[in-house]
Structures are given as structure tokens and as C-alpha cells.
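This report is meant for someone meeting the structure for the first time.

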Amino acid sequence: MNDEHPARELGDAIAELLAHPDGLPARLTSRPWWRQSLAHGAPGIALLHIERAAAGLSPWRRAHDWLAYATQAPLTTGFDSHLFYGAPAVAHALACAADLLPGSYTGALDHLDRVIAADVRRRASSALGWLEAGHLPSLSEFDLVRGLTGIGSYLLRRAPGSEATRAVLEYLVRLTEPTRDGEESLPGWWTLSGPDGHEHDHFKGGHANSGLAHGIGGPLALLALASRRDVVVDRHLDAISRICTWLDRWRTDTPSGPIWPYWVNRPQQRADQRSVSGSQRPSWCYGTAGLARAQQLAALATGDTERRDMAERALMQALTDPAQRSSTTDPTLCHGYAGLAHIAARVAADAAPDTAEGLHALIPDLLDSIHTVSTDPGRTAVALLGDRGCGPAFLEGGAGIALAVLTPTGTGIPRSGWDTCLLVA
């Protein structure tokens, strides 16, 4: 990424507006959940100032102020907590700072690590017991945003060889084993609810979700990242293979590249019917961008050069296909241009040289869709953070946008590791 791209000026302007918790309106900060929400609240904004301080763009005091704000009261733990809310969410932000400031936040992190590990062992044991009893899982048991996969990404960073990390990986391996519902064979992550966790007529009989944020793409990425760090459990590579085989089954090869459905419902499963649109949004949370990175990681973990080539090519094609690009309508990290730019940089960092060069060449155009030289960065930042904009959030707001446009070296490698919570690294 070129340091002079105008999107960097937008990131600077957003960071100035989010300099201190006292500068935000009470309608946000007075919400009881806001202080400990990585997705929408203080920990996500702390990540922005940690990364900026690491890059020498702002003082560490701003990061400290946001972390102090996030930790000023007891944090939610137990089954109501997850990577994007409660103790794990705040711990992720603290860990990003602590890795850059040795000796800082040690007491708080040691305490949170013990609490998180105990919670995970209980949660993994319960979830595994549920599967062993023949029940189908819920998305909130295993996905990245609310489930064990998300907390597993934190544990892989902080305690890769721990019992808690192994418990998560062992559960995810078991999750990939096929299950049966009467005469039908279903993937082990089949869930009876819809993607939002509630029952809907369209998902009568359940569905299998493929998304990185809410489906099997998250476990695939975590299993692959763990394998690349030599953290493996029994049947670990078999689990990666089962997920990849399922993704291959439901892939549609179009003139504009491979596309995967966001999910497969019961009628589609029975009819082996693929239903994807060539104009499907290729985002981080759902779609080609997130799944391309997950499969690239899986290929790197297993030495599968064919899959690596397919995944990298899929991302390149998605980012250059007018129909898929036009389906992206916002600038955010979760499902907008900021996420596409960041994933392009991350995939490029691990891609074959020709593909890496092509992806790097696309990043300025993706950033142009966030902010161009013809617009005023200060006014744009105010509009983004205002009532009619996307707000200051990490996943779907200004903090995430400012982070995604920040990496100055063009390598796509953040200094603080903030994006490990997205399972793209």
C-alpha cells in the first residue's frame, strides 16, 4: 500500500475523532455492553490506537486510555462471553498492546487468560458432549464471532500448547465428522436454526453455513493456522480435508471464478442443488474473500498447491469481476471495501509471486472505493462516524476502516496482530 494514498488521510482523521473515550457521545458509551464489545465498542477502537502507536503515528497514551476505559469494571465471562464480547474481547486488545510493550498489562492478561482457559474447557466439554449425544450444534457453539473457534484464535496466540487450545481443536475436529438425521447424511456442523440463530421457514430442517464469520470457514482457518504452528491434535488434517471436500462439492465454477454459497439448506442438500449468484458479495464475513483466505491457509498447511492456486485465483477474479464488485456497497471491514483490501494484502503476502503482484496492484483501487483524493478526509470521517454513517465500530464502522488502510509497508502484515481476531492470520 502506498503511504500517500488518500485513504490513509481518512484513517488519520478517524483516529483523531476517536482519540479518547470522553470524545464520544453518551448515547454510545452509556450502553452497558459497549465497553467490552470488540465488534462495536471500546476494544475495537483500542486496536486502532495500538496499531497506530506501533507505527509511530500517534502516542501510546491514546491506546492506554482506551484500554483503561475497557477494563474499568468487571468483564463478562462464562458462556455469555466470546471473542467479540466480554473477557476474550478485551483480552485480545490487551494482548495486541502487550506484545509490543513487554511487561505491560501482565497482571491483567494473566488473570484473564486463566479465566478464559477455564471457561473454554467447560464450554468445549459441554459442546463435545452435546455432539456425542447425537445432537446437532448451534452456530454460537462453534463459529468465529460467538463460538469456540473465535476464542480458539485467541488461545492459539496466547497459549498454543495449552490444554484449553487442544480442547477447542479436538472439538472442531469432532464437529467435522458427518452426522445423520434419519436416512440423511449431513455435515457435522449442520444446525437446525437459520444463520441468525433463529428458526425460519427458509431454513426448515436446518442448514450448513460456509461463512468465515458464522460458518465452517472459521474452523477451517483456525485448524489451518494451528497446523502451520505445529499445534495439532488427532485427525487434525482429516478435519481440514473434510471441510475442503465439502467446499469443493458446493463450489460453482463461473466465468468470473469460483463462488461458494453462503449456506446450504435442507432442500438444496437433498437435491444437491447449488444456488449462488454471480453478483454475490465477496466479503470477509461471507463470500469469496473470506473463504479464499481460509482455503489458502488450508493449502499452505497441507502443501496442496492446486488448492492454493485456486483460492488465490478466486480472490483475484472476485476483485476484478464487475458484478461481484458492484455488490459491495459500503466501506467497512466486515462486508465492505476495507475488508477486501485487507484480505487482498494478507493473501498477497502468502501468494505465488505473479498473483501477489496482481493483488497488490488491485489494492489502491479498493482503497479508492473507501476514499479518494477528491473528497475531504475530515468531512468524510465526520460523516462516517455520525448518526447517518456507519459509526465508530471495528467490524462495521470507522475503527475497522482506519485499521485496514493503515498498514504502510504494502506487506499486509499489521505490527500488532490485530487481525488475528478475523482469522486471516
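## The second largest cavity

In this predicted model, the second largest cavity has a volume of about 60 Å³. Its lining is made up of Gly78, Phe79, Ser81, Pro88, Ile116, Asp119, Val120, Arg123 and Ile151, and the largest share of that lining, 4 residues, is supplied by helix α6, which covers residues 106-132.

Sorted by class, the lining of the second largest cavity holds 5 nonpolar, 2 polar and 2 charged residues. The count of cavities of 30 Å³ or more comes to 2.

## The largest pocket

Helix α2, at residues 26-29, and helix α18, at residues 377-385, each contribute at least two residues to the lining of the largest pocket. By class, the lining of this pocket divides into 12 nonpolar, 5 polar and 3 charged residues.

## The chain as a whole

The chain contains 19 helices and 6 strands. Its radius of gyration is 20 Å, close to the 22 Å that the globule rule gives for 425 residues, so the chain is as compact as a globular protein of that length. Taken along the principal axes, the box filled by the C-alpha atoms of the chain is roughly 60 × 50 × 40 Å.

## Two packed helices

How are two packed helices described? The description rests on the angle between their axes and on the distance between the axes. For helix α3 (residues 42-54) and helix α5 (residues 87-98), the packing angle is about 10° and the axes lie 9 Å apart. Because angles under 35 degrees count as roughly parallel, α3 and α5 are therefore roughly parallel to each other.

On the α3 side, the residues in contact are Pro43, Ala46, Leu47 and Ile50, and these meet Ala89, Val90, His92, Ala93, Cys96 and Ala97 of α5. In terms of class, the contact of α3 with α5 has 9 nonpolar residues, 1 polar residue and no charged residues.

Methods:
Residues numbered from 1 in each chain as written. Predicted model: local features only at pLDDT ≥ 70, side-chain atom pairs only at ≥ 80, totals over all residues. Heavy atoms only, no water. Axes fitted to C-alpha atoms, helices over the stretch in contact; angles between N-to-C directions. Parallel < 35°, antiparallel > 145°, perpendicular 65-115°, else oblique. Contact = heavy atoms within 4.5 Å. Nonpolar A, V, L, I, M, F, W, Y, C, P; charged D, E, K, R; others polar. Rg over C-alpha atoms; globule rule 2.2 N^0.38 Å. 1 Å grid on protein atoms, 1.4 Å probe; cavity = no way out; pocket = protein on both sides within 12 Å on 5 of 7 lines; lining within 4 Å. Points joined across faces, edges and corners; volume = space filled by probe spheres on them.
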